[in-house]
Amino acid sequence: MRSLVRDPAHEADVRASGAETVLCDLEHENDRHVADAIRGADAVVFAAGAGPGSGPERKETMDYGGAVKLIAAAKQTGAARYLMISSLGADPGAEGEGFAVYLRAKGRADAELAASGLDFTIVRPGRLTDEPGTGRVELAERVTRGDVPRDDVAAVLAACLEQPGTIGRTLGLVAGEVPVDEAVRSV
């Protein structure tokens, strides 16, 4: 497993999880560098984001632009499988400012991925928490708004990589009662 990291200070934590690190800032690197960073991968997971407190410009360049840059790199290098961490409520037509800017950026990135020809899965988690995962989720095309631990999001993504039935699907994700593997198999 390889992980693209923007900040060299994060490399040690990523390596401790067992992943190889490659310094690559999706927001600022050119398309060739991003493609070189993922060359040889069978699948990619877009888990980057502008983060809370970032302004509208950053949501455009990272939440939309970074995802689209990784789509182009995946197509160029033959990484046919693409998993996207999006957001509940993502909508390219979301009206308003503030959080709506984020929802528009995520919605546009989701639409680009769905039209890309890649074997995609879009996972739209509720509000992310740093609490330990429970291994139990609700995963469906429509879910009620709620929280979900980041650990459980990661577990769902890993399970989706192994489950061809998730290809071409957009799935909402919140904490729930169903074990992750069962939830992913049942979609």
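1. By class, the lining of the second largest pocket splits into three nonpolar, three polar and three charged residues. Gly is counted with the polar ones here. The lining residues are L88, G89, R124, E141, R142, V143, T170, L171 and G172. A pocket is an open set of points on a 1 Å grid where a 1.4 Å probe fits, with protein on both sides within 12 Å along at least five of seven lines, and lining residues have an atom within 4 Å of a point.

2. Keep in mind that this is a predicted model: local features need pLDDT of at least 70 and side-chain atom pairs pLDDT 80 or more, while totals for chains, interfaces and linings use all residues. Residues are numbered from 1 along each chain, and side-chain values use heavy atoms, without hydrogens and water.

3. The space in that second pocket comes to about 210 Å³, taken as what probe spheres set on the points fill. Strand β9 (residues 169-175) gives the most to the lining, with three residues. Strands are DSSP E runs of at least two residues.

4. On to the sheet: β9 is one of six strands in an open, mixed sheet ordered β3-β4-β5-β9-β7-β10. β3 (43-46) and β10 (178-179) sit at the edges with a single partner strand each, so one side of each has no neighbour in the sheet. Pairing takes at least two DSSP bridges; β3 and β4 (residues 81-85) have four, in the parallel sense. V44 stands opposite Y82 in β4.

5. As for cysteines, the whole structure has zero disulfides (sulfur atoms within 2.5 Å). C24 is buried at 4% relative accessible area, and C160 is buried at 0%; buried means under 20%, with a 1.4 Å probe and protein chains only.

How values were computed: Buried means under 20% relative accessible area, exposed over 50%, partly exposed in between (1.4 Å probe, protein chains only).
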